[in-house]
Amino acid sequence: HKYITTSTTMSGVWVFNKNGVMRLVENPYNQSAGDSSESSSSGGSQQQRMRRKILVHLPTNEAVSSYGSLEKILKNLGWERYYGGDNTDHLLQFHKRTSIDLISLPRDFSKFNSIHMYDIVVKNPNVFHVRDM
């Protein structure tokens, strides 16, 4: 595996898999820069240190809370549902006619995590942002 350290806004390490695909391995216990040194030095509880992520649509400043709301935003940005491929039972996929990009998401929204969120952010610059809850 090859490793790339992420910036301070993304806690974890990017790992290249054997097939050349890069994924973020998160460190949920990483303290953000905004935390007080007191809670960091005392260790705090495990729940305090863990951070859930949310995907925020920047023009409306609203958190994406369902695939329905995400699909609506993506369609307005020119993304279309893609029904090809072998994993249609397990994945929701979106593509743009003007690019080779493909967004692949688990069909179950409860499995939607920061890796998927950052994929959306990278493919839609200045439209989405990942934040701590």
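Author: Rings of Phe, Tyr and Trp (its six-membered ring) pair if their centres lie within 6.5 Å; planes under 30 degrees apart count as stacked, over 60 as edge-to-face and the rest as tilted. This is a predicted model: local features need pLDDT of at least 70, side-chain atom pairs count only at pLDDT 80 or more, and totals for chains, interfaces and linings use all residues. Residues are numbered from 1 along each chain as its sequence is written, and side-chain values use heavy atoms, with hydrogens and water left out.

Reader: How many aromatic pairs does the rule count?

Author: The ring rule sets the cut-off at 6.5 Å between centres. By that rule, the count of aromatic pairs is 3.

Reader: What is the geometry of the pair Tyr67 and Phe109?

Author: The ring centres of Tyr67 and Phe109 are 4.9 Å apart. Their planes stand at 90°, so the pair is edge-to-face.

Reader: Is Phe112 buried or exposed?

Author: Buried means under 20% relative accessible area, exposed over 50%, partly exposed in between (1.4 Å probe, protein chains only). Phe112 has 10% relative accessibility, so Phe112 counts as buried.

Reader: Which residue lies over the face of Phe94?

Author: A charge sits over a ring if NZ of Lys or CZ of Arg is within 6 Å of the ring centre and within 35 degrees of the ring normal. At 5.9 Å from the ring centre of Phe94, the residue over the face is Arg81.
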